[in-house]
Amino acid sequence: MREIRRTVPQEFDGAQAAALLKAMGISRRVIISLKRSGGLTRGGAVLRTIDAVHAGEEIILRLEDESGCVAANPRLSAEIVYEDEDVVVYNKPPFMPVHPSQRHHDDTLANLFAAQFPGLPFRPINRLDRNTSGLCVCAKNQLAAAALAGSLEKVYFAVTDGAPPGDTINAPIGRLGKSVIERCVTPQGKPAVTHFRKIAGERRSLLRITLETGRTHQIRVHMAYVGYPLCGDDMYGGDCSSISRQALHCGEVSFSQPISGEHITVTAPLPEDMAQLLTDI
């Protein structure tokens, strides 16, 4: 059980507990859970959200452990590059799905998480395609999940043949026909904006990419749209002669620690198969 203690500041003297919780960034969903479980207390007694709090008092939030429903697989491996009481960040290898599916029952990051953190539900904040490598941020409790959802910033790195022109692609993305998986640029799609700049390479380019939006396959679709599909991306027309998966890596994430508010930045180096693309020409 995660226990969080807070002293009521002077500016909330006489305010309702609900106002203090809101100011702490506690989501409505978490507040409802605390009310149901009796997990919000003061001086050993349950504190109602309509009760007044007073400066100097200590309130305690107890977040209940919840049952996970994914089978544990301790044989899997993914490096943990950051961990605290509320957050764990993995450097996910390529070819490992994040979630179980019909074809992947026990070889996913969720299965590894279940083995390392028994009893905790798997709550990934950012989700990477199976063949995309890099940082995946997971919350250890519902309070952290709610807080991280609004503060996570990501930087991706990709390799293309040649250097795409400009630095921004603003083109709506939607489903390709009746396909469940493939996406395309279409006027009927949802707004999508991708920013990029070349940071290394000669014939092939290493791109640093940030997103304003989070559409499915956004980077892959946008780069193919401007004529520079990612190396190894067989779905969107990339050259697969030197790499067996799309050359895409989430190499940096930044977020506010859900409880302390500390700004955290985590990085993961470019994987060998992508680095090799820049020298193997």
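## Exercises: cysteines and pockets

The sulfur of Cys136 lies 4.2 Å from the closest cysteine sulfur, in Cys138, which is too far for a bond. This is a predicted model: local features need pLDDT of at least 70, side-chain atom pairs count only at pLDDT 80 or more, and totals for chains, interfaces and linings use all residues. Residues are numbered from 1 along each chain as its sequence is written, and side-chain values use heavy atoms, with hydrogens and water left out.

**Exercise 1.** Find how many disulfides the rule gives.

*Solution.* Step 1: take the cut-off. A disulfide is a pair of cysteine sulfur atoms within 2.5 Å. Step 2: apply it. The count is zero. Step 3: check burial (buried means under 20% relative accessible area, exposed over 50%, partly exposed in between; 1.4 Å probe, protein chains only). Cys136 has 0% relative accessibility and counts as buried. Cys138, at 0%, also counts as buried.

**Exercise 2.** Describe the largest pocket by volume and lining.

*Solution.* Step 1: define the term. On a 1 Å grid over the protein atoms alone, a pocket is an open set of points where a 1.4 Å probe fits, with protein on both sides within 12 Å along at least five of seven lines; lining residues have an atom within 4 Å of a point. Step 2: give the volume, the space filled by probe spheres set on the points. The largest pocket has about 1200 Å³. Step 3: list the lining. It has 38 residues; Arg127, Leu128, Asp129, Thr216 and His217 lie nearest the centre.
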